[in-house]
Amino acid sequence: MCEPGIIRKLDEEVVNRIAAGEIVQRPANALKELIENSLDAHSNNIIITVKAGGLKYLQIQDNGTGIRSDNLDIVCERFTTSKLKQYEDLQAISTYGFRGEALASISHIAHLTILTKTANEKCAYKASYENGKLKGPIKPCAGNNGTQITVEDLFYNVIARKRALRSPNEEYTHIMEVVGGYAIHNSHVGFTLKKFGENTDIKTPIKSSVIDNVRIIHGNTIARELLEIEYCDPKLHLKLNGYITNVNYSHKKGAMLLFINHRLVDSISIRKAVDSVYATYLPKNAHSFVYLSIELDPKNVDVNVHPTKHEVQFLYEEQIIEKIKNTIEKKLLSCNSSRVMYTQARLPGATMVEEIIKKTTDGAKVYAKDLVRVDSDAQKIDKFFKVTTVDKSEENKTNEIRNEIINKDIKEINEVTETIEIVDNNEVIDEADDIINNSLVSEPNEIKTKKYKTAINSNVTYIDPKESFKTRTFQYQRVETKLTSVHQLRLDVENKCNMNLREILANLIFIACIDCERSLIQHSTKLYLCDTTRLTEELFYETILYDFQNLGLIKLSNPLPLEELLILGLDSHEEQWDDELGDMREMAAQMTKLLISKGPMLYEYFSLEINNKGELLSLPLLLDGHTPFMGALPVYLVRLVTEVNWGSEKECFDTFSRQTAIFYSQPNRDPSEDIFKAESWKQEHIIFPAIRRNFLPPNSFVSNGSILQIANLCDLYKVFERC
């Protein structure tokens, strides 16, 4: 028989190393502990430097209170802390740290150096540690107030753990997530994250805001779609605040930042509850961005659940989660950007794809006629076109086309007349001012038209839909439209939506741009020909209605006089001019007065800015990256006067939105190859992605030829089989 083993007390060094492995599982865990120590020290500026994903080098520097020099001898020993005196203090813990294990654990699996200075001490002190003990004497040195902790060769004595970690790049990604989370939650603190000897990846200013930090870390795509939520329940001692994305934003992965009593944690229950709310609004397998800060009575929270303090348990969990769900649900319901008609639509072709995958995994044969193209980058139709060989990478080509769009649409806007006189920009501005003062009345209309057409070429500045509100007197917050007429127009759009077409467009794959007005798209095994102009017009019409009072600005660097624009618009139809209407300039003056009188309403509702001098200052920004063809601007302004029903609220909003959509959907029909490339890039990367996300196609598109099926893979195979 086998004898029972003898129970012995483990060596203290073994115990410490085991404990260290539980607390510090990867570089990001170590950094999280160090960041929390800096925040506990009331720092307002934290600088983090990383090398090789934190495995070789990890340094954090703050400007907090520092560590007393007479405490440096024990600061890295286990269970030494200034934040907890007795067990009962855990019932009301208000700091991040409390166990006194973070620095000790790091010192057992890495080489640790501390450089610190308090405000009352004359100099800084530097100390190195190994296995929780001082490694050499404490040395006085120069230094700023605060603490600098350097961790080198992490897991140098735990080889199995070090080899089990991912690549340095992946570890650095985890570090960025930790820093980004704490930077968003502690927006009053400035955070800087950079790789050793390289550029800075994250830099947030001191006294920033949550939205600004989200924009810096996650990009404007998320920041502009954020909705603020707040809730307070005295009975549960619950205080909730945070930001969530509206239903217009979705992502394959999504992100959730959860802070409970200011501690970054993870809660599967809360995550599932939030996902269940968004599942009603977002397409299948799409997720949101959510940042929640929950404050509870410390007596109701147990933070000592896991060594990493990444999990917590709290009382009244079911009731609190229900309150969170209800708060998010109410906010999403009140958000007018939600489009109920397609939020629960099943993506077309999903069943077929699942069946094909099942057949493949079962070893059954999959026929070519059942294969569906799902990646537009796999092979473009342009491959079969003759392309001039250029010594540039694909990325450079894309950037070149993007620049062409900006240059062609903004700086070199096409003229209505075939030959335009080139005039110096400063002279153009002076001439525009002269036009306003009627000093050029004696000049022939043809000369004035040429001069003013050049003035339209003034630079245009994009102002983001949400950034635009910073030019006004208040911080951006999405306006909830309460006008019944707008709600009725939106309801009309939703009632006319054709769900079959919606499914096709929601899952479309862009194939090619045939010309400026037609494109090819694919859905499942079918190929469709689209009238791009009609689709774009309807897209912009719906965008104006659903972003009513929330549109961004295309700011004109040089104001354009309305009267001269209107004269150009009327002059373009000179052959149809009726002499009974009187002088063209007098008519333009009357039109200008009408638009000036409607100026405040146009600016508030549609971001079309006109000042009291009769100058056009800005146009609405309907879609990021899209600028209307400015050659059609004069005719558009004329049609605003003649085609908009200003006497009825609903008809006014409807006709104004329609005329604006017509203007924004007009392509640049210049036959040059550069213009075609620019239009093609815009269709693929701007127009059709927006159609895929938001568009509700009307029933009329079925009969008017806006979308035509021209090929079906299964039918083509039948034809080939006969051959």
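On a 1 Å grid laid over the protein atoms alone, a cavity is a set of points where a 1.4 Å probe fits but cannot get out. Grid points are joined across faces, edges and corners, and a volume is the space filled by probe spheres set on the points. By this rule, four cavities of 30 Å³ or more are counted. The structure is a predicted model, in which local features need pLDDT of at least 70 and side-chain atom pairs count only at pLDDT 80 or more, while totals for chains, interfaces and linings use all residues. Residues are numbered from 1 along each chain as its sequence is written, and side-chain values use heavy atoms, with hydrogens and water left out.

The largest cavity holds about 150 Å³ of space. It is lined by 18 residues, of which His-626, Ser-665, Gln-666, Pro-667 and Glu-679 are the closest to its centre; a lining residue has an atom within 4 Å of a point. Helices H16 (532–546), H21 (649–665) and H22 (673–694) each supply at least two lining residues, helices being DSSP runs of H or I with at least four residues, and strands runs of E with at least two, numbered from the N terminus. H22 gives the largest share, four residues. The lining comprises six nonpolar, nine polar and three charged residues. Here Ala, Val, Leu, Ile, Met, Phe, Trp, Tyr, Cys and Pro count as nonpolar, Asp, Glu, Lys and Arg as charged, and the others, Gly among them, as polar.

H16 and H21 also take part in the packing of helix H14, whose buried residues pack against both. Buried means under 20% relative accessible area, with a 1.4 Å probe and protein chains only. In H14 the buried residues are Ser-485, Val-486, Leu-489, Arg-490, Val-493 and Glu-494. The 12 residues of H14 (residues 484–495) should span 16 Å at 1.5 Å a residue, and the end C-alpha atoms are 16 Å apart, which agrees. The expected span is 1.5 Å times one less than the number of residues.

Strand E18 (residues 509–515) has five of its seven residues buried, so it is largely enclosed by the rest of the structure. Five bridges join E18 to strand E19 (residues 518–523), and the two run antiparallel; strands pair if DSSP finds at least two bridges between them. Ala-512 has Leu-520 in E19 as its bridge partner. With two residues between them, E18 and E19 form a hairpin.

Finally, Thr-592 lies in helix H18 (residues 584–597). Thr-592 has a relative accessible area of 7%, so it is buried. Leaving aside residues up to four places away in sequence, Thr-592 touches Leu-562, Glu-563, Leu-566 and Gly-614, where contact means heavy atoms within 4.5 Å.

Definitions and conventions. Buried means under 20% relative accessible area, exposed over 50%, partly exposed in between (1.4 Å probe, protein chains only). On a 1 Å grid over the protein atoms alone, a cavity is a set of points where a 1.4 Å probe fits but cannot get out, and a pocket is an open set with protein on both sides within 12 Å along at least five of seven lines; lining residues have an atom within 4 Å of a point.
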